[in-house]
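Subject: Structure for your attention

Dear colleague,

Please find below the structure that I am handing over to you.

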Amino acid sequence: MIPFRAPSASRSATAIAAAVGGLLLAWSAPARADAIARGRVIKIEAQEIYLSIGRRQGVVDGAPLRLRRPISLRHPVNRRRVEDWVPIGAATVTQAGDQLSRAVLGELAAAVRIDDIAEVYVEAARQASLPS
């Protein structure tokens, strides 16, 4: 049988200090999640669109873009208002300015309307570098 030995005070203190230090580090550097920047289609010109979001919201050249259209209608049975959206398509931001962005859509441009919703995926690293 192995005799029981109590942990030494220095080992216990070291373990506690490491645990507390780890907790402080976790609290002092909050994790940032990726985000979605939302804007609107503000202009349609030939096969390209202009969006109301840009670098200030974390949008960069080449960022993936999703377009959707909000809809609002009345339920046929209970007559309550139902708000939802329908997907229109996806594209890529070709130019991101400070406040506006541009995307070339090709044939998809015919399906897009002014005020459709544009969503751009913004990575946490880009989001962290934005001015507050």
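At a relative accessibility of 45%, aspartate 115 counts as partly exposed; buried means under 20% relative accessible area, exposed means over 50%, and partly exposed lies in between (1.4 Å probe, protein chains only). Aspartate 115 has a phi near 80°, a positive value in a residue other than glycine. Its place is the loop between β5 and β6.

Before I continue, two remarks on the basis of these values are in order. This is a predicted model, in which local features need pLDDT of at least 70 and side-chain atom pairs count only at pLDDT 80 or more, while totals for chains, interfaces and linings use all residues. Residues are numbered from 1 along each chain as its sequence is written, and side-chain values use heavy atoms, with hydrogens and water left out.

Alanine 46 is exposed, with a relative accessible area of 74%.

I turn now to the overall arrangement. The protein contains two helices and six strands; helices (H or I, at least four residues) and strands (E, at least two) are DSSP runs, numbered from the N terminus. Read from the N terminus, the order of the elements is α-β-β-β-β-β-β-α. Of the 132 residues in the protein, 26% are buried. Among the contacts with a separation of 6 or more, 68% link residues 24 or more positions apart, where contact means heavy atoms within 4.5 Å. The protein exposes about 9300 Å², and carbon and sulfur atoms supply 58% of this area, which comes from the Shrake-Rupley method with a 1.4 Å probe; for residues, only the protein chains shown count as cover.

Strand β2 (residues 48-51) runs antiparallel to β5 and is joined to it by four bridges; two strands pair if DSSP finds at least two bridges between them. In this pairing, glutamate 48 stands opposite valine 104. Strand β4 (residues 81-96) is also antiparallel to β5, with three bridges between them, and alanine 96 stands opposite serine 101. Four residues separate β4 from β5 in the hairpin that they form.

Which residues have the most contacts inside the largest nonpolar core? They are Ile49, Leu65, Leu67 and Leu105, in a core of 21 residues; such a core is a set of buried Ala, Val, Leu, Ile, Met, Phe, Trp, Tyr and Cys residues joined through side-chain atoms within 4.5 Å. The elements that give two or more residues to this core are β1 (35-45), β2, β3 (64-74), β4 and β6 (117-122). Strand β4 gives the most, with four residues. Leaving aside neighbours within four places in sequence, leucine 105 is in contact with Gln47, Glu48, Ile49, Leu67, Ala91 and Val112.

Finally, the charged end of arginine 68 sits over the ring of tryptophan 85, 4.7 Å from its centre. This placement requires NZ of Lys or CZ of Arg within 6 Å of the ring centre and within 35 degrees of the ring normal.

Yours sincerely
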